[in-house]
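Please take a moment with the sequence and the structure below, and keep both in view while you read the paragraphs that follow.

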Amino acid sequence: MGEAEWETLRSLNRAYTDLRGEWESARALTFGLMTKLELLKDYTTLDHHPDAVHEAYHAACAYERQISASTWRYASAAAVLGVMVTDRLAAGRPPLSGEAVRAVAAEEPTLSQLRQTAAVRHAQMLTEDKDGLQGGERRRALVQGVESTYACVMNERSAGVRRTEAEAGACRLTEASPEGVEPFWIDLLEPVLDLAESMPTDIAHWVRHRGRARLF
């Protein structure tokens with residue numbers, strides 16, 4: 001395995017793992033404040049306490065969105081790069097160049113890159129046929145999730161005009177998602193995190209198979 005591939009995937013892995021913990025904490029905080037707001041409706045007639053909790057809830061929502069976007073950025077880059085590495089290992093191709101690795105890791109992938117990644121991963125796992133019914137459902141969910149996201153991005157009007165499929169494919173979800181509505185990446189975040197987290201094990205499998213074990 002190439003040095004640039006290994007070092008970059010390792011760094012991305014640490015990034016999205018830390019961010020996932022922060023995102024899960026943010027979700028718990030938001031849910032707790034939302035629940036408190038619902039309870040306050042039933043027992044208070046003055047506005048001070050509900051107003052304070054409402055302010056905290058909105059701040060928590062904003063932070064949850066921000067941290068989920070950061071988690072998405074690193075997890076999606078790790079998933080794309082990881083699938084590229086497993087694909088080239090399976091095909092016996094040489095390591096990706098440092099420049100190619102840095103380009104993938106440097107920014108959030110486009111929607112078309114995610115579609116390609118989901119399709120390649122689906123084909124990989126069908127070929128290996130090692131993860132059973134539950135794994136097959138996860139693969140299909142990822143592919144279907146990407147296609148559903150395409151539809152959402154195309155239907156969201158940019159400057160009053162519906163996007164074409166090619167225009168949607170060129171979008172990065174954190175840039176295309178309008179404020180005030182559920183972000184486009186949110187339903188894909190957990191499947192992409194699961195995919196990214198599976199990459200170290202899969203890559204270690206290929207490396208061991210070729211007699212060059214190097215673990216994350």
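A residue is called buried when its relative accessible area is under 20%, exposed when that area is over 50%, and partly exposed in between, using a 1.4 Å probe and protein chains only. Helices are DSSP runs of H or I with at least four residues, numbered from the N terminus. This is a predicted model, in which local features need pLDDT of at least 70, side-chain atom pairs count only at pLDDT 80 or more, and totals for chains, interfaces and linings use all residues. Residues are numbered from 1 along each chain as its sequence is written, and side-chain values use heavy atoms, with hydrogens and water left out.

Begin with helix H3, which spans residues 98–105 and in which Val 101, Val 104 and Ala 105 are buried. These residues lie on the same side of H3, because they cover an arc of only 95° around the axis, where the arc is that of the directions from the helix axis to the C-beta atoms. The exposed residues Glu 99 and Arg 102 are carried on the face turned away from that buried side. Among what covers the buried residues of H3 are helix H1 (3–43) and helix H2 (48–91).

Helix H2 also holds Leu 81, which is buried with a relative accessible area of 0%. Leaving aside neighbours within four places in sequence, Leu 81 is in contact (heavy atoms within 4.5 Å) with Thr 8, Leu 9, Leu 12, Leu 96, Val 101 and Val 104. Leu 81 and Ala 196 are 115 residues apart in sequence, yet their C-alpha atoms are 8.9 Å apart in space.

Conventions: Helix = DSSP H or I, 4+ residues; strand = E, 2+ residues; numbered from the N terminus.
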